[in-house]
Amino acid sequence: MPGRPSKKHGRTAQEVPAVPEALRQKYEDLVLGLNAVTRALEKNELRLVVCSREAPAKVLQHLPVLCTVRSVPLCPLPMTTQDLASLLGASEIRTVICMGFRRDPKDSSWDAIVDLIAPKCPPINLPWIPASLKDPKTK
């Protein structure tokens, strides 16, 4: 129902700011937010996931498993969710728990960032996942 306060934020739909179209186009090669990153990983659309190390572990506990199965590097950064959001340079985005970089970007300038970060990501060691799922050559 429009105009009714949401239980989560206590604001009406009209009070929640919309993401401007220019900002949406600028970051169309990024996937922002935990739920969106999870969906994109399930669809195998990402080549790198970056997350805030300050985020609650219970919220992020599924990411290492999904990243391992999809052979996607996971890079936890020692920064708050506000600091991670500030890297985007958009005042409309206040916090970001995690973000993913799409496999087939429309803007190739993201390639340099991914090439810089991906090799520095720590390996994910999950001994209960079979090696055949970890190695992209066996898929």
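A search of the whole structure finds three salt bridges, a salt bridge being a side-chain nitrogen of Lys or Arg within 4 Å of a carboxyl oxygen of Asp or Glu. The structure is a predicted model, in which local features need pLDDT of at least 70 and side-chain atom pairs count only at pLDDT 80 or more, while totals for chains, interfaces and linings use all residues. Residues are numbered from 1 along each chain as its sequence is written, and side-chain values use heavy atoms, with hydrogens and water left out.

**Salt bridges**

- Glu 28 forms a salt bridge with Lys 106, and the closest N and O atoms are 3.6 Å apart. Glu 28 lies in the loop between helix 1 and strand 1 and Lys 106 in the loop between strand 4 and helix 6 (109-117), so this pair ties together parts that are 78 residues apart in sequence. Helices (H or I, at least four residues) and strands (E, at least two) are DSSP runs, numbered from the N terminus.
- Glu 28 is partly exposed, with a relative accessible area of 36%, whereas Lys 106 counts as exposed at 69% relative accessibility. Here buried means under 20% relative accessible area, exposed means over 50%, and partly exposed lies in between (1.4 Å probe, protein chains only).
- Glu 45 forms a salt bridge with Arg 102, with 3.2 Å between the closest N and O atoms. This pair links distant parts of the chain, 57 residues apart: Glu 45 is in the loop between helix 2 and strand 2, and Arg 102 is in strand 4.
- Both partners are partly exposed: Glu 45 has a relative accessibility of 32%, and Arg 102 has a relative accessible area of 28%.
- Asp 111 forms a salt bridge with Arg 47, the closest N and O atoms being separated by 2.8 Å. Asp 111 belongs to helix 6 and Arg 47 to strand 2, so the pair ties together parts that are 64 residues apart in sequence.
- Asp 111 is partly exposed, at a relative accessible area of 25%, while Arg 47 counts as buried at 18% relative accessibility.

- Asp 29 lies in the loop between helix 1 (21-26) and strand 1.
- Asp 29 is buried yet has no salt bridge, and the nearest side chain of opposite charge, Arg 102, is 5.5 Å away. In this count Lys and Arg are positive and Asp and Glu negative; His and the chain ends are not counted.
- Beyond its neighbours within four places in sequence, Asp 29 is in contact (heavy atoms within 4.5 Å) with Gly 100, Phe 101, Arg 102, Pro 105, Lys 106, Asp 107 and Trp 110.

- In helix 2 (residues 34-42), the buried residues are Leu 34, Val 37, Thr 38, Ala 40 and Leu 41. They cover an arc of only 165° around the axis, which puts them on the same side of helix 2. The arc is that of the directions from the helix axis to the C-beta atoms.
- These buried residues pack against strand 1 (30-32), strand 2 (46-52), helix 3 (57-60), helix 4 (63-69) and strand 4 (98-102).

**Positive phi angles**

- Most residues other than glycine have a negative phi.
- Asn 44 is partly exposed, with a relative accessible area of 31%.
- Ser 71 is not a glycine either, and has a positive phi of about 55°. Ser 71 is placed in the loop between helix 4 and strand 3 (74-77), and counts as partly exposed at 28% relative accessibility.

**Thr 81**

- Thr 81 is found in helix 5 (residues 81-86) and counts as buried at 16% relative accessibility.

**Overall composition**

- The protein has seven helices and four strands, and along the sequence they follow the pattern α-β-α-β-α-α-β-α-β-α-α.
- Of the 139 residues in the protein, 31% are buried.
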